[in-house]
Amino acid sequence: MKKVPEVTVQLPETKTAAENVGHRKSDVMHGAIRLVCLLTSVTALAVMTTAKQASSISLYGFSLPLYSKWSFADSFEYLVGVSAAVAVHSLLQLLINVTRMLRKSPLIPSRNHAWLIFAGDQIFAYMAMSAGSAASGVTSLNRTGIHHSDLPNFCKPLQVFCDRVAVSIAFTFFTCFLLAVSVVLDVVRLSNC
């Protein structure tokens with residue numbers, strides 16, 4: 001009598017219910033971070049694009065009219081552009097996350113996809129940081145004036161404009177922080193792939 005060799009089949013590992021719940025909580029948290037990132041970048045964009053004010057300043061006894069608008073400074077235009085790009089990126093990622101969660105499929109289907117999301121989040125975080133930093137320099141100069149010349153502090157007569165710009169910059173830095181948190185979550189995902 002001949003012995004028939006046994007054939008074994010290795011089945012893929014199935015995830016336990018606890019692992020699935022853990023991944024879903026992580027997916028919901030990632031979606032929430034994307035939503036807040038979208039909201040902060042749209043807020044930074046909206047506040048900056050509405051920053052304008054007209055006033056006058058007295059310089060050596062002469063009253064000079066002042067008008068300031070966000071589009072007069074290249075760094076403010078850069079901040080608007082970066083905020084818009086981050087908003088689009090966050091919206092697309094949020095839509096992808098929500099549709100995958102509704103279909104109950106994994107948010108990150110492959111390691112290559114995880115690397116792509118990681119790189120995108122990292123690039124947009126650095127862009128937000130550079131836009132906020134560039135706009136901060138101009139705002140600081142507007143608030144303090146130029147010490148070794150007779151140019152005054154422009155934020156005294158243009159207080160509303162300067163305050164709106166400062167709020168926009170603060171939201172831009174908060175967006176950068178949220179993107180950095182998203183990058184950390186991406187690293188955790190990559191380590192689990």
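pLDDT is the predictor's confidence in each residue, on a scale from 0 to 100, and strand E1 (residues 52-59) has the lowest mean value among the elements of the protein, 75, whereas H2 has the highest, 93. Over the whole protein the mean pLDDT is 82, and 81% of the residues reach 70 or more. This is a predicted model, in which local features need pLDDT of at least 70 and side-chain atom pairs count only at pLDDT 80 or more, while totals for chains, interfaces and linings use all residues. Residues are numbered from 1 along each chain as its sequence is written, and side-chain values use heavy atoms, with hydrogens and water left out.

The protein contains four helices and two strands, arranged along the sequence in the pattern α-β-β-α-α-α. Helices (H or I, at least four residues) and strands (E, at least two) are DSSP runs, numbered from the N terminus. Of the 193 residues, 36% count as buried, where buried means under 20% relative accessible area, exposed means over 50%, and partly exposed lies in between (1.4 Å probe, protein chains only). Among contacts (heavy atoms within 4.5 Å) between residues at least 6 apart in sequence, 76% join residues at least 24 apart.

Two salt bridges are found in a search of the whole structure, a salt bridge being a side-chain nitrogen of Lys or Arg within 4 Å of a carboxyl oxygen of Asp or Glu. One of them joins Arg-189 to Asp-27, with the closest N and O atoms 2.8 Å apart. This pair links distant parts of the chain, since Arg-189 belongs to helix H4 and Asp-27 to helix H1, 162 residues apart. Arg-189 is buried, at a relative accessible area of 14%, and Asp-27 is likewise classed as buried, at 4%.

The C-alpha atoms of Asp-27 and Ile-108, which are 81 residues apart along the chain, are separated by 9.6 Å.

Another salt bridge is formed by Arg-34 and Asp-121, whose closest N and O atoms are 2.8 Å apart. Because Arg-34 lies in helix H1 and Asp-121 in helix H3, the pair ties together parts that are 87 residues apart in sequence. Arg-34 counts as buried at 2% relative accessibility, and Asp-121 is buried at 0%.

Val-88, Leu-91, Leu-92 and Leu-95 form a nonpolar surface patch with about 360 Å² of accessible area together. Patches are made of residues with over 30% relative accessible area and no salt bridge, like charges being joined within 9 Å and nonpolar side chains (Val, Leu, Ile, Met, Phe, Trp, Tyr) within 5 Å. Leu-91 is found in helix H2 (residues 74-102) and counts as partly exposed, at 39% relative accessibility.

The loop between H2 and helix H3 (111-144) holds Lys-104, which is exposed, with a relative accessible area of 68%. Most residues other than glycine have a negative phi. Lys-104, although not a glycine, has a positive phi of about 60 degrees.

Terms used. Accessible areas come from the Shrake-Rupley method with a 1.4 Å probe; for residues, only the protein chains shown count as cover.
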